There are 2 protein chains.
Amino acid sequence: MKQEIPYKIYLEEQEMPKQWYNVRADMTKKPAPILNPETLKPVTVQELSHIFCEELARQELDDTTAYFDIPEEIRNFYRMYRPSPLVRAYCLEEKLNTPAHIYYKFEGNNTSGSHKLNSAIAQAYYAKKQGLKGVTTETGAGQWGTALSMACAYLELDCQVYMVKCSYEQKPFRREVMRTYGAHVTPSPSMDTEVGRRINAQFPGTSGSLGCAISEAVESAVSQDGYRYVLGSVLSQVLLHQSVIGLETKTALDKYGIKADIIIGCAGGGSNLGGLISPFVGQMLKGEADYQIIAVEPASCPSLTRGVYAYDYCDTGKVCPLSKMYTLGSSFIPAASHAGGLRYHGMSSTVSELYDQGFLTARNVEQTEVFKAAQMFAKVEGILPAPESSHAIKVAIDEAMKCKETGEVKNIVFGLTGTGYFDMVAYQRFNDGQMSDYIPTDEELKKSFDALPKTDL
Amino acid sequence: MKQEIPYKIYLEEQEMPKQWYNVRADMTKKPAPILNPETLKPVTVQELSHIFCEELARQELDDTTAYFDIPEEIRNFYRMYRPSPLVRAYCLEEKLNTPAHIYYKFEGNNTSGSHKLNSAIAQAYYAKKQGLKGVTTETGAGQWGTALSMACAYLELDCQVYMVKCSYEQKPFRREVMRTYGAHVTPSPSMDTEVGRRINAQFPGTSGSLGCAISEAVESAVSQDGYRYVLGSVLSQVLLHQSVIGLETKTALDKYGIKADIIIGCAGGGSNLGGLISPFVGQMLKGEADYQIIAVEPASCPSLTRGVYAYDYCDTGKVCPLSKMYTLGSSFIPAASHAGGLRYHGMSSTVSELYDQGFLTARNVEQTEVFKAAQMFAKVEGILPAPESSHAIKVAIDEAMKCKETGEVKNIVFGLTGTGYFDMVAYQRFNDGQMSDYIPTDEELKKSFDALPKTDL
């Protein structure tokens, strides 16, 4: 039986998706509309087109079209690193001595080191098609900035990245990858934007935050002719592009007649999780199948498990549309001891609404346990995982161990979003036994909840 | 026509080689035997078994057996990251506007980031099978040490790595990857070995060299019970294991009816080049086909193009067998400005003999040009290449541009041995316009040639 399924299931290039899937189209109760921060009314495509390029603004607000054609140029780019393998984790199964069958969709086999490239090329493509000169964005851990740099280099589009200052300083190699691809990388908060100057004045010596870098990137985009802002997670358009992960996964499973029982994804802003689960949730929405879906988030930034479902600002400078989401409050910043990504205060509105409707469950895990799982995985499966991805590994192992107890032969599928090659400072801390865990107190969370905006919606 | 060949040719797992190919078996004039450093007579399996485990000692000296079965356990490990893709460089072709068809065999899609894993798992496997406790080795840039750490972690074998001190300090992340895989990493020269103490006393504050780290690793292996020494390049056994690269490449080309015209590989110790070209040279030796084969080496460490063909020491401490090879002399150390690997003073005896017999040609290239080629490749093909691999890219581009001039539709195949994710210090120097080139003078080379050992062979 084991021999029948190869270690790595690679689809043929002609089996790659030709359309992205928009799960919102099949939801009876849709995610709440995003709001104009000035009027607090649902934002229009026209308003959004000042920030995003037009086609992306349309994709963002379209919750009725189920399928969007993937332009041929984007499909050609995808062919450079896709289809990504669906790997049967034979060695991990053996190590755990579990009857469960474990599969992971590996998105790290490209220079950006993660799934982020799937949306980066789409966003860069539409910007190029609209005749823009360039795009601006923010990056935290650096995966998104790297992905966007690669996409822009390919299309010969200018790329300006505001990189959270502590990452800029602690991850000089990520910065150099972006520079090698021709991107302009600025530590945030900078003195180039109004919001950057304001935050630098308010908090001298601040090492920055994602929310602040977003505000800088947006300001920079709207103040330059021929530029728009792009974002690597949270947005509905990003989930749409990332549906390629789930679609490929489903095709590969179907090809071998495998029915997933549990689907697990790490969750920061929700782009990977949303992309992975979209086609499976689509089946659930239509009553065609049922899956146990688990979102895994850091205990130090637990937006689904400990946040509130409310309208909130997406950025510190409050220039972006407001989104109804599970959020810890836009003033929440994870503890300094938190390594890796998954540090956004909120969650994609689509994932939030699906969670609220009970289509998925969520768990939070502490990082020391996450790194233990990562190390074990690296040793037996040969891939050094990103800290983000390792959250999913941790819960996949937990579920496989439950199967060992019960003797159930469940099919566990998880998303291995990327590699940890640029996260060795965190691994070093772990190797030296100096990694610590932090769980925010209820009082801390209450403080950031109190700063949530008041809306009637 | 273009549509017929996919971007990435992936073989099925059952198409992977079940045997390694030993090109020496088909050579009429064989590579010269390696010599015992004490007696200066050809070394025996028994003598070699003090340093290497027995099966590897046998493989090292066997120049008549053409095929060696790959044990099933090693093939299972290979399945975690192999077959590696043979990529059609459509985007590079378009960028160059060349009629040439360019293919590259990409060996970087694994955590060690290079082809080194192919031999690491084989050497660790035979050590484990012999009941050893562990292995020792040296590493320079760190690819080999990482690969060996991964293989040893998988087989639960102890792994002791002597890492050239300057790399240990400048590449802390490589070191951390090895530590994450459970390896013990010691900066070389250390105070743990006699040779290390001697060199530290002779050259206080030295930042080490590959030749010195080899001597330390060998001393450490022979002085510990249940340990043997393993080496990632140069040796005939390594070329044997690396033949998996060439065999897969040939199967993939044959599958699509592609006849390679030019085959290009970077050359340091010769493991990648030797592995890539083995089955093709095998055809040439049997008169079945003809290929233009080009070895590419750094202008700052030009063993084939400017070395002499003579018996030389493989290590600084002179504890390893002597090998007849193209060499710059074991006292040669590349200039400090030289980035990346390919810094060994000699060349695999098999590659040396094939070169001497005219089966391949060699070129040396300066590193600034190499990094320019690397950057262009990264932008259009989406993979940030290792500096080592980029030597092959540079010459592949040169050959493709010649085709543009002549209008010839040649099939150019090159080995892309790895990724540059841990080489960002070198890329940063390039990005900052601070990379320099160094070509050793004739006087410098003469000095190290004069220190060559005197043998009658």
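Predicted model: local features only at pLDDT ≥ 70, side-chain atom pairs only at ≥ 80, totals over all residues.
Two strands are said to pair if DSSP finds at least two bridges between them. Helices (H or I, at least four residues) and strands (E, at least two) are themselves DSSP runs, numbered from the N terminus.

Residues are numbered from 1 along each chain as its sequence is written, chains are lettered from A and ligands numbered from 1 in the order in which they are written, and side-chain values use heavy atoms, with hydrogens and water left out.

I begin with the sheet of chain B. Four strands of chain B form an open, parallel sheet in the order β8-β7-β6-β9. Because β8 (184–188) and β9 (227–229) of chain B stand at the edges with a single partner strand each, one side of each has no neighbour in the sheet. From one strand to the next, the twist averages 25 degrees; axes here are lines fitted to C-alpha atoms, for helices over the stretch in contact, and angles run from 0 to 180 degrees between N-to-C directions. Strand β6 (residues 134–139) of chain B runs parallel to β9(B), joined to it by three bridges. In this sheet, Gly134(B) stands opposite Tyr227(B) in β9(B).

Which helices pack on this sheet? Helix α6 (residues 143–155) of chain B lies across β6 and β7 (158–164) of chain B, at about 160 degrees to β6(B). Helix α8 (residues 172–180) of chain B touches β6, β7 and β8 of chain B, and its direction makes about 170 degrees with that of β7(B). Contact, here and below, means heavy atoms within 4.5 Å.

In chain A, an open sheet of four strands likewise has the order β8-β7-β6-β9, with parallel pairing. Strand β7 (residues 158–164) of chain A pairs with β8(A) over five bridges, and Met163(A) stands opposite Pro187(A) in β8(A). Helix α10 (residues 210–222) of chain A packs on the sheet, touching β6, β7, β8 and β9 of chain A.

Next, the interface. The contact takes 45 residues from chain A and 45 residues from chain B. Between them the two chains bury about 4,100 Å², 56% of it on carbon and sulfur atoms; buried area is the accessible area (1.4 Å probe) that two parts lose on being put together, summed over both. In chain A, the residues losing the most area to chain B are Phe173(A), Thr180(A) and Tyr421(A), together 17% of what that side buries.

How many salt bridges link the chains? There are four between chain A and chain B, each being a side-chain nitrogen of Lys or Arg within 4 Å of a carboxyl oxygen of Asp or Glu. Lys95(A) forms a salt bridge with Glu156(B), with the closest N and O atoms 3.3 Å apart. Among the elements giving two or more residues to the side of chain A that touches chain B are α3 (72–81), α8 (172–180) and α17 (424–431) of chain A. Of these, α8(A) gives the most, with six residues.

Finally, some backbone details. Most residues other than glycine have a negative phi, and most peptide bonds are trans. A cis peptide bond joins Arg82(A) and Pro83(A), with omega about -10 degrees; Pro83(A) sits in the loop between α3 and β4 (86–88) of chain A. Another cis peptide bond joins Ser188(A) and Pro189(A), where omega is about 5 degrees. Lys318(A), although not a glycine, has a positive phi of about 60 degrees.
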